[in-house]
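Open the model in your viewer and get ready to click along. We will take the tour one selection at a time.

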Amino acid sequence: MPVIEIDAQDAVFDCAPGDTLLRAGLRAGLGMPYECGVGACGCCRCEVIEGEVADQWPEAPGLSDRDRRKGRVLACQTRPLGDARIRLRLDPRIEPVVRPARRTAWLAAVNDITHDIREFVFRSDAPADFLPGQYAMLALPGLDRERAYSMANLPNGAGEWHFRIRRVIGGGASEALFSQLAPGAEIGLDGPYGMAWLRTDSPRDIVCIAGGSGLAPMLSVARGVAAEPSLAGRRVDFFYGGRTPADICGQPELAALPGFGEAIHYHAAVSDADAAHSAGWPGKIGPIHQLVESTLGERLDSAEFYLAGPPPMVEALQQLLQLTHKLPPERIHFDRFF
Amino acid sequence: MKQLCTTRDVPAGGCHRIELADRPPLAVFNLDGRFYVTDDTCTHGEASLCDGEIDCDDGVVECPYHQGAFEIATGRPAGAPCSIPLRIYRVEVKDEAIYAAIDETEAACP
């Protein structure tokens, strides 16, 4: 098994066959910087000083021309071919709380959520061990690359993993799930990953903002708050932004939580005004960041934020929270997917 | 304008962190004899840009944790995952002393 040494950081770890530098480092409990784990965000850039490696996606969008000029690779896309020495900066603040592990899982149930989002329930022999808000890498039959999907449920000893997946026409992974996978089908599940997990030690009120299939991790965070005794009575404002009224979801699941309507509040907005009018949508119309600002008012400045959704939504929220309201990045939790 | 340091404190192609009371730290950069002042904390996460790598040819500084990058002169994000601009400050150099307009309302990123 290749042995990987991190230059000048006094860290050495084994890399199991087929594992990338990133996943092997996280499995060893190291604070390897990353967000998306799928080659897009660029957070896991590193340099290989010694040893042979294979880059499984040389054109990955996470690398810029300057990175390539400097010989950098993405730890999430690089497999060592033997012992290697790499250079990156470990961050002890982000050491994984639950170390990721590979498992086999079986499709147990499929439930319709909206016109294009379904819930897929998988079951593994080992417990479903993760923090609310994290994601797993699914290896689906017939696809060459794994896909990252967030869990919507809470960690559990029964080995149940709930994912909410949007059907993307022509999207290989969602097509594979929607049309080809039948109950009982076997997949590979590797996790948990992700930094946008519920901070139970924060004393602040909690704001979850979701769009698209970002519902899953935000649901998990809200469920985590309701299940955590030390957070009893903590205010949660849950926002969901969709393009049309048919896209709006999440309220029934939140309404099932203890404290809904008292400590836990649900707000939704539809961004396509024409679709809203023709469907007779009685609620708010506009981008979700506007609803967040007008609903929270002064409470915005003292809250802890969790975000999951399409990049333009996350970008607009970052502008609102970091630039307009000067919130420090440590109070805004999200994993950047593209 | 507040005096931050002298030109001798900032090596060519390097930078110098300035800690001031009641405000986040600043970074003073020296790009081929031209001096720039920005916030020192990366807008993507808690990291000091003065610990990062400066690329004089491109005029960018890279965050030490994720190698996200900013244009030093403008504060513009120049590499993922940074997307929020870095705050920059107007600079004057007089008799080797470097001053920055740290109390001015925010200079918008061009």
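Display both chains of this predicted model and look for polar contacts between them: chain A and chain B have 13 residue pairs in polar contact, both partners at pLDDT 80 or more. Now colour by residue type: the side of chain A that touches chain B has 13 charged, seven nonpolar and four polar residues.

With charges in view, turn to salt bridges. There are seven between chain A and chain B. For one of them, select Lys70(A) and Glu53(B), whose closest N and O atoms are 2.8 Å apart.

Now zoom out to the whole interface. Here 24 residues of chain A are in contact with 24 residues of chain B. Together the two chains bury about 2100 Å², with 40% of it on carbon and sulfur atoms. On the chain A side, select Arg45(A), Arg66(A) and Arg89(A): these lose the most area to chain B, together 30% of what that side buries.

For the last stop, select Arg72(A) in strand E5 (residues 72-74) of chain A. Is Arg72(A) buried or exposed? Arg72(A) counts as buried, because its relative accessibility is 4%, and the cut-off is under 20%. Follow its side chain to two polar contacts: one with the side chain of Asp67(A) at 2.9 Å, and one with the side chain of Glu62(B) at 2.6 Å. Other residues that Arg72(A) touches include Arg45(A), Leu63(A), Glu53(B) and Gln67(B).

Methods:
Residues numbered from 1 in each chain as written. Chains lettered and ligands numbered in written order. Predicted model: local features only at pLDDT ≥ 70, side-chain atom pairs only at ≥ 80, totals over all residues. Heavy atoms only, no water. Helix = DSSP H or I, 4+ residues; strand = E, 2+ residues; numbered from the N terminus. Buried < 20%, exposed > 50% of the residue type's maximum accessible area, 1.4 Å probe, protein only. Polar contact = N/O pair within 3.5 Å; in protein donor to acceptor, adjacent residues only side chain to side chain. Contact = heavy atoms within 4.5 Å. Buried area = accessible area lost by both parts, 1.4 Å probe. Salt bridge = Lys/Arg side-chain N within 4 Å of Asp/Glu carboxyl O. Nonpolar A, V, L, I, M, F, W, Y, C, P; charged D, E, K, R; others polar. Lists of a residue's contacts leave out its neighbours within four places in sequence.
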